[in-house]
Amino acid sequence: MVTVRFIDGSESECKAGTPVADVLKEHLDKKTFKKTVAARVDGTVVDLSTPLKDSGAPVEVEPITLDSKEGLAIYRHSTAHVLAQAVRSLYKGVKLGIGPVIEDGFYYDFDVSRPFTPEDLLKIEKKMKEIVKGNAPIAREELGKDEALRLFRELDEPYKVELIDEIEGDTVSVYRQADFVDLCRGPHLPSTGRIRAFKLLSIAGAYWRGDENRKMLQRIYGTAFPEKAELDDYVKRIEEAKRRDHRRLGRELDLFSMNDDVGAGLVLWHPDGAAVRSVIEEFWKREHARHDYSLIYTPHIAKLDMWKTSGHWEFYRENLYSPMDVEGQDYIVKPMNCPFHIQIYKSRIRSYRDLPIRYAELGTVYRYERSGVLHGLLRVRGFTQDDAHIYLTPSQLEDEIQEILKFTLYILRSFGFNEYDIYLSTRPEKYVGTIENWEKAEGALKSALVAEGLEFYIDPGEGVFYGPKIDIKIKDVLGRAWQCSTIQVDFNLPERFDVTYRDERGQAVQSIMIHRALMGSLERFFGCLIEHYAGAFPVWLAPVQAAVLSVTEKNEGYAASVYRRIREAGFRVELDTRNETLGYKIREARLRRIPYMVVVGDK
RNA sequence: GCCGGCGUAGCUCAGUGGUAGAGCAACUGAUUCGUAAUCAGUAGGUCGGGAGUUCGACUCUCCCCGCCGGCUCCA
C-alpha cells in the first residue's frame, strides 16, 4: 500500500501501481477533477496515468488544473501534438520539427515540400477536430535512446533524431496517440478528447533551431483554451489590439507617415505628431537642465577614421551606411552620438573636480536594419535618441547610476508608463576592461535596482562587450516588448579615445563613461505612447488640446474670440466654424481624440 | 536578408484576359442647424515600378520597390 498525502494535509491509502488519476478522482470534487490535466507527485510533474509507487514514505500528490499556467501549458502542448498528428496524416513526406508552448498559445515547425496556405490551415483544423473527436488516449513510453533513434529513423524524422542525439541520459520519453508518436518530455492530457477550443492563427517561416544557416521550416501558430468563450475573448482581444496599432492610428490621426519615395524605415512627422514630439522634447530639455545635464548638439556625419578609432567600423559595420567621399576623405552618417560627446569632453583637460560631466543630446542617428525587421515607428532606420553620456570617476559610479535610474523612472512615469520588464545584463565571455571594474559596475547597477525596489531579470553573459547594462522594455499592444530605456557602463570607449581626468595628484586617470537613453528613441517612444493611450493622449501631450465648435454662422465671431483667448492662454486649440452640423463637428473632434470641446452657440 | 501573404482613388475595399467600381474623405452648391455622419452635384486612377507573354494585361510570367506576419538580427 502507498500512503498519499494531499496538499491540504489529508492522507489516504491506495494500492501500489494505482494511477494518480484514480487517487485524485476520489479526493477531489467533480468540478476540480474535471479541470485536472496532470499531477505533481513528490514535486515532479507527471501524467495522470502515472502509477504511484511504494517508496516506503508517504507520497505527496497535488493536482495541476487548467486554472494554473502550468496546466494550461500542458493543455496547449497536447493541442500542438494534435496539430502535428493532423499535418502528418494530411501531408506525405512531412517531417516534424519542434512544437513548444509559447505565451498565449503554441506552434509547431514542419519541413514540408510546399509551404502551407491559409486554406491548408482550415483543412488542418478540420482534421484536428476529427482527432479530438476520436478521443484517443495519449500514452507515455520510456525508450532507450538506441530504441528511440531506431524508431524515429524508421519514421523518417531526421529532426527528431538530431534532438535525441543531443538529449543527455540513457532514456527518452515518447508520447503516442492513435498511430501518431512524438518525442516529448511531457506531460500531456490523458486523451485528445480533452481538448475543447483551439484555433490555428498564422503561418510563418522559421529556421530550424533558429539558425539562419539551416533549413527554413514552416511554422504554424495556434492557441487553445479550455472554453470556447475564452478563445472568442482572445480573438476579440487581438482585434482590439489591432485597433490600437500605432501604424493605423498614426495614419488615422495624421501623426506621421512613411513613404515609398523617401525609403523604408524613414519617418515623416506630420504637424500633429510633431506637436506631440515638440512637447516631449521641451519636457525632456527642462528635466535634463533640472538634473544637471548640459545640452549639446553634434553633426550628422563624421570622418570614417573616427569610427575606426571608436571600433564601430570594425564591430558594427553591418549596421553602418556606406562611406561618402568628401574631398578624398571618407565620411559616414552617424550611427551613434558617443564619439562626438567624447570629443567635446576631450576639448580641454578635465579635473576630478569637474566630474561627473553630463552631456545630453537629442541626436538623430542612422543605422542600417535589414528590411525584414522594420516595424512602424518601433524599428526604423533613422531615429532620434534621447542620448546622454556621463563621465565620472570610479567612486562616483554607484551614486550616479542610482540617480540615473531614478531619473529614468520619473520620466517614464510622467508619460504614464508604470509597467515594464527590466533586465540586467552581465559580463559576456568576450569583454574589455578589468574584472574588478565589471564587478563594481554590475554591483552598482544591481544595487540601484534593489534600492528602487524594482523587480528585474538577470541576463547572465548578455552584457555588451564594453560593459554591463540595464535595459527597460515597454510592451506594445500585441505584447511585443520594445526596449526603450537603457543604462550602459562603458569601459571601452574611454580606453580607445583616451578619455581621462586629472586626479588629486594631477595624474591622468581613465574616466568611466555611462551611456544612457531614457526614452530610447523618440520614434519608438512615440509609437509606444500612441498604443499606450490608443491615440487619446493626455491633455499635456495632445496635439490639439481643445476645439472651439460654433453651432451656426451667427456664432462665428464669438467663437473666434473664444478661440483667440484660449490660444493666447498658451493652449493648442482649433476653431471649427465650418458649414456643418454640430453633431458632425463633435463626431469629428471625438474621432480625433481632442480632449476638450468648447461648443459656442446662442444658448 | 530568409519564408509566406499582400500592393486598385487620400482611406476602407469590390473587380479572374476584352473601355476601372462603391462607401467615406475632398471640392462646389443648397441648408443655419445644440451634442457621434444634413442634402445634392462634381472631380479624382500610367491598378506600386519595370520587363515579358498576348491581337489585347489590373488580371498570366520574371525582376525590383514597399507593406504585413514570423524567423534571424538588434554592439
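1. W208 counts as partly exposed, because 17 C-beta neighbours lie inside 10 Å. The cut-offs are these: 20 or more other C-beta atoms within 10 Å make a residue buried, 12 or fewer make it exposed, and partly exposed lies in between, with C-beta atoms placed from the backbone. W208 sits in the loop between β12 and β13. Helices (H or I, at least four residues) and strands (E, at least two) are DSSP runs, numbered from the N terminus.

2. What does W208 touch? Leaving out residues up to four places away in sequence, W208 touches G97, Y159, R214, K215 and L217. Contact here requires C-beta atoms, placed from the backbone, within 7 Å. R219 is 11 residues from W208 in sequence, and their C-alpha atoms are 10.0 Å apart.

3. A word on the model. This is a predicted model, in which local features need pLDDT of at least 70, side-chain atom pairs count only at pLDDT 80 or more, and totals for chains, interfaces and linings use all residues. Residues are numbered from 1 along each chain as its sequence is written, while chains are lettered from A and ligands numbered from 1 in the order in which they are written. Chain A averages a pLDDT of 91, and 100% of its residues score at least 70. pLDDT is the predictor's confidence in each residue, from 0 to 100. For the complex, the predictor gives an ipTM of 0.92 and a pTM of 0.91.

4. Next, the overall fold. Chain A has 18 helices and 31 strands. Its C-alpha atoms fill a box of roughly 80 × 80 × 55 Å along the principal axes. Of its 603 residues, 36% are buried. Among contacts between residues at least 6 apart in sequence, 70% join residues at least 24 apart.

5. Domains come next. The assignment for chain A gives domain 1 (2-65), domain 2 (70-238), domain 3 (252-298 + 334-532) and domain 4 (546-600). These bounds come from an automatic or database domain assignment. The C-alpha centres of domain 2 and domain 3 lie 42 Å apart.

6. The largest nonpolar core has 78 residues, and I401 and V548 have the most contacts inside it. Such a core is a set of buried Ala, Val, Leu, Ile, Met, Phe, Trp, Tyr and Cys residues joined through C-beta atoms within 7 Å. Helix α13 (residues 397-414) gives the most to this core, with 7 residues. Domain 3 and domain 4 each supply at least three residues. Beyond its neighbours within four places in sequence, I401 contacts A444, L445, A448 and I487. Another core, of 54 residues, lies apart from it and includes V61, V101, F116 and I131.

7. Finally, T577. T577 lies in the loop between β30 (573-576) and α18. T577 is partly exposed, because 19 other C-beta atoms lie within 10 Å. T577 touches S550, E556 and A559, not counting residues up to four places away in sequence. E553 is 24 residues from T577 in sequence and 7.3 Å away in space, C-alpha to C-alpha.

Terms used: Contact = placed C-beta atoms within 7 Å.
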